[in-house]
Amino acid sequence: MTEYVVLIVGDADRWWTTMTEQERRDGYAEYGRFAQQLGERGHRIVGGAELQPSATIRTVQPGGATVTDGPFAETAEQVGGYFHIETDDLDDLLECCRIIAALGDAVQVVPTVVPETRPS
């Protein structure tokens, strides 16, 4: 099976700042439906997590000498969460990702590097 990281990219802070309690409940229900569909369709969730608001981010700058508060780049889009998935069917995984993309954030699906694909 190939491993992928499914990144949820958008205004993650809106879940904490502008969404109503009902909108959050409905959104979390869709994430539950996404996870259920993955299992029913033969994909395996290896791991994942929702991430805290961007105000909690600490960035170690290139070179490692400086640590700053917040994300490295000023942007409205941040990674708000991720799933680590194993699957043999990328096309179906992408179809499942439409469930959470419908909530208003982009979803990026990135294959992971495994020892066999690493340059020598």
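Predicted model: local features only at pLDDT ≥ 70, side-chain atom pairs only at ≥ 80, totals over all residues.
**Notebook: aromatic cluster, sheet and pocket**

Residues are numbered from 1 along each chain as its sequence is written, and side-chain values use heavy atoms, with hydrogens and water left out.

**Entry: aromatic rings**

I took rings of Phe, Tyr and Trp (its six-membered ring) as paired if their centres lie within 6.5 Å; planes under 30 degrees apart are stacked, over 60 edge-to-face, the rest tilted. I get 4 aromatic pairs by this rule. Trp15 and Tyr31 are edge-to-face, at 5.9 Å centre to centre and 70 degrees between the planes. Trp15 sits in helix 1 (residues 14–17) and Tyr31 in helix 2 (residues 21–40), 16 residues apart. Helices (H or I, at least four residues) and strands (E, at least two) are DSSP runs, numbered from the N terminus. Trp15 is buried, as is Tyr31. Tyr31 and Phe83 are stacked, with centres 6.4 Å apart and planes at 10 degrees. Tyr31 is in helix 2 and Phe83 in strand 5, so this pair ties together parts 52 residues apart in sequence. I find one aromatic cluster formed by Trp15, Tyr28, Tyr31, Phe34 and Phe83.

**Entry: sheet**

I counted strands as paired if DSSP finds at least two bridges between them. The sheet is open, has 4 strands in the order 2-5-1-6, and pairs antiparallel. Strand 2 (44–50) and strand 6 (106–111) are the edges, each pairing on one side only. Strand 1 (residues 2–10) and strand 5 (residues 78–87) are joined by 9 bridges. In that pairing, Tyr4 stands opposite Ile85 in strand 5.

**Entry: largest pocket**

Which residues lie nearest the centre of the largest pocket? I list Ile8, Tyr31, Glu50, Gly80 and Gly81, out of 17 lining residues. A pocket here is an open set of points on a 1 Å grid over the protein atoms alone, where a 1.4 Å probe fits, with protein on both sides within 12 Å along at least five of seven lines; lining residues have an atom within 4 Å of a point. Strand 5 gives the largest share of the lining, 4 residues. Strand 1, helix 1, helix 2, strand 2 and strand 5 each give two or more.

Notes:
Buried < 20%, exposed > 50% of the residue type's maximum accessible area, 1.4 Å probe, protein only.
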